[in-house]
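Student: I have a model open and want to get my bearings. Can we walk through a helix and then a sheet?

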Amino acid sequence: MEPEAIYNLLQLPKAVDLPVEEELLQGGKKKYLPPTSRKDPKFEELQKVLMEWINATLLPEHIVVRSLEEDMFDGLILHHLFQKLAALKLEAQDIALTAASQRHKLEVVLEAVNRSLQLQEPQAKWSVDTIFNKDLLATLHLLVALAKRFQPNLPLPTGVQVEVITIESTKSGLKSEKLLEQLTESSTDKDQPSKDVFDELFKLAPEKVNAVKQAIVSFVNQKLDSLGLSVQNLDTQFADGVILLLLIGQLEGFFLHLKEFYLTPNSPAEMLHNVTLALELMKDEGLLSYPISPEDIVNKDAKSTLRVLYSLFCKHKLKVNMDGTPRGTPS
């Protein structure tokens, strides 16, 4: 089949210079937004809401986004947006002029974003390649995820889904398929966020929060006594991740080399490194049943800190030897 016929059949924009065959290596797959999907009213409304949100957020920095497809690829606006939302400083070059430096900047920013969202790159619906190549769908997935994480009350249009066309290069030629891609949840899903015991505790029984804190402080201090450490304030003393890492090491039988974390963190980035490492260790052991953002711990969010410590408390309050030493890492 000739390239022109393929574009006509799939309603692909003819502005693409290279034929499909030259764009795709064998086994490669690419996703396209046909013109009808781009003109979908809810799809256009989603872009409008996200663009207005970004511009309002970055107004003090005099940054204006006019096209999500064209303005986000080099990492510059994502860099400023994420720093503003997460209230932290990223170690990334502020102005990147070459394609190589722009891509490196984007890698640094997306690594921090994925860490904040507790996603590995294979789980994410975006990647350095797709964002850098101005993939509008990937960019929208990324921005929706950031909005849900940092601005959950943002009135995103619900149930936004668009028809996309995937083209795969196989030994027998090009294979195309039409699929629906979901960008935002339906209203029924959105109106029923998952809750845990701490949501209920803080909402329905705030007077019992201090009692829970005292029980956990007692537990923590019992485990840290052999290190000569003690905790008086759960809301503040775990923000830099140091005591949390030492506590996990005691309970799970981990030995953490001093090169792996910052014993005396001097910046939010170093604190974030420590907390992220602690949460990854807990996640590896299956201890986190509720998603926790490292930034929330660094920002001294009481509910998030309690969730983390309560997970350790539930597992280990009865699982120590008679002399108080922790058991090894469970198999």
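Student: What do the buried residues of H7 pack against?
Tutor: They pack against helix H6 (76-86), helix H8 (128-132), helix H9 (136-150) and helix H16 (294-298). Contact means heavy atoms within 4.5 Å. Helices (H or I, at least four residues) and strands (E, at least two) are DSSP runs, numbered from the N terminus.

Student: Where do these values come from?
Tutor: This is a predicted model: local features need pLDDT of at least 70, side-chain atom pairs count only at pLDDT 80 or more, and totals for chains, interfaces and linings use all residues. Residues are numbered from 1 along each chain as its sequence is written, and side-chain values use heavy atoms, with hydrogens and water left out.

Student: Which residues in H7 are buried?
Tutor: Among them are Ser101, Lys105, Leu106, Val109 and Val113. Buried means under 20% relative accessible area, exposed over 50%, partly exposed in between (1.4 Å probe, protein chains only).

Student: And what follows H7?
Tutor: Gln118, with a positive phi near 55°.

Student: Switching to the sheet. What is the strand order?
Tutor: E1-E2-E3, three strands in an open sheet with antiparallel pairing. Strand E1 (29-32) and strand E3 (173-182) are the edges, each pairing on one side only. Two strands pair if DSSP finds at least two bridges between them.

Student: How many bridges join E1 and E2?
Tutor: Four, in the antiparallel sense; E2 covers residues 161-170. Lys30 stands opposite Ile167 in E2.

Student: Which strands does H9 lie across?
Tutor: H9 lies across E1, E2 and E3, at about 25° to E3. Axes are lines fitted to C-alpha atoms, for helices over the stretch in contact, and angles run from 0 to 180 degrees between N-to-C directions.
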